[in-house]
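Please keep the sequence and the model in view while reading.

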Amino acid sequence: MIRHIVLGIIDTPQKKKLLPACLTLAWIYLLASGVAFAHHGGAVYDTSKMTTVKGVVTDFQFINPHSQIFFDAKNDKGEIEKWIAEGNSGTALSRYGWKKDSLKPGDQITAIGNRSKNGSTTMHLRKLILADGEELPVDRDFEN
């Protein structure tokens with residue numbers, strides 16, 4: 001039946017030449033979508049422990065597929081480290097009441113999350129606390 005539908009739609013020699021290209025593109029799209037979904041796993045983050053970092057926001061990207069908070073924090077030696085906390089999408093955060101101006105450069109924050117396994121100063125954000133103690137909801141799957 002599907003063959004009849006396809007052949008009914010593709011009735012000219014020019015259109016028939018497009019069928020292999022369209023099927024190839026559809027196949028590539030299906031393969032690529034599996035990779036896109038796979039990257040959402042937590043394999044790059046150490047989910048066995050939480051890391052808490054206090055710092056000052058330098059930039060906030062309220063975007064999809066993941067929001068990003070850029071902030072400076074002092075390490076144990078008093079040196080400034082550049083951190084990135086990757087959170088849920090801007091769309092998901094907006095459901096919790098976030099807006100594109102929820103964080104501004106200069107805001108002091110405490111970011112809690114799972115640090116990258118490679119030791120870089122990146123984390124998967126699980127909880128965010130503002131300087132006044134207000135917690136901004138980040139992840140409904142995370143128990144506070």
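## Overall architecture

The protein chain contains three helices and six strands, where helices (H or I, at least four residues) and strands (E, at least two) are DSSP runs numbered from the N terminus. Read from the N terminus on, the elements follow the order α-α-β-β-β-α-β-β-β. This is a predicted model, in which local features need pLDDT of at least 70 and side-chain atom pairs count only at pLDDT 80 or more, while totals for chains, interfaces and linings use all residues. Residues are numbered from 1 along each chain as its sequence is written, and side-chain values use heavy atoms, with hydrogens and water left out.

## Surface and contacts

Of the 144 residues in the protein chain, 28% are buried, a term that means under 20% relative accessible area, with exposed meaning over 50% and partly exposed in between (1.4 Å probe, protein chains only). The accessible surface of the chain is about 10000 Å², and carbon and sulfur atoms contribute 58% of that area; such areas come from the Shrake-Rupley method with a 1.4 Å probe, and for residues only the protein chains shown count as cover.

Among contacts (heavy atoms within 4.5 Å) with a separation of 6 or more, 49% are between residues 24 or more positions apart.

Strands β1 and β2 pair in the antiparallel sense over five bridges, pairing being assigned if DSSP finds at least two bridges between two strands. Aspartate 59 has phenylalanine 70 in β2 as its bridge partner, and a hairpin of six residues joins β1 to β2.

Strand β2 also runs antiparallel to β3 (residues 80-86), to which seven bridges join it, and isoleucine 69 stands opposite alanine 85 in β3. The hairpin of β2 and β3 has five residues between the strands, and glycine 78 there takes a positive phi near 85 degrees.

## The loop between β1 and β2

Proline 65 is placed in the loop between β1 and β2, and the peptide bond joining asparagine 64 to proline 65 is cis, with omega about 10 degrees. Most peptide bonds, by contrast, are trans.

Serine 67 is found in the loop between β1 (51-61) and β2 (68-74), and this serine 67 is buried, with a relative accessible area of 3%. A polar atom of the serine 67 side chain lies 2.7 Å from the backbone oxygen of asparagine 88. Leaving aside neighbours within four places in sequence, the residues in contact with serine 67 include Phe60, Ala85, Asn88 and Leu93.

Note on methods. A polar contact is a pair of N or O atoms within 3.5 Å; within protein, one must be able to donate a hydrogen and the other to accept it, and residues adjacent in sequence count only if both atoms are side-chain atoms.
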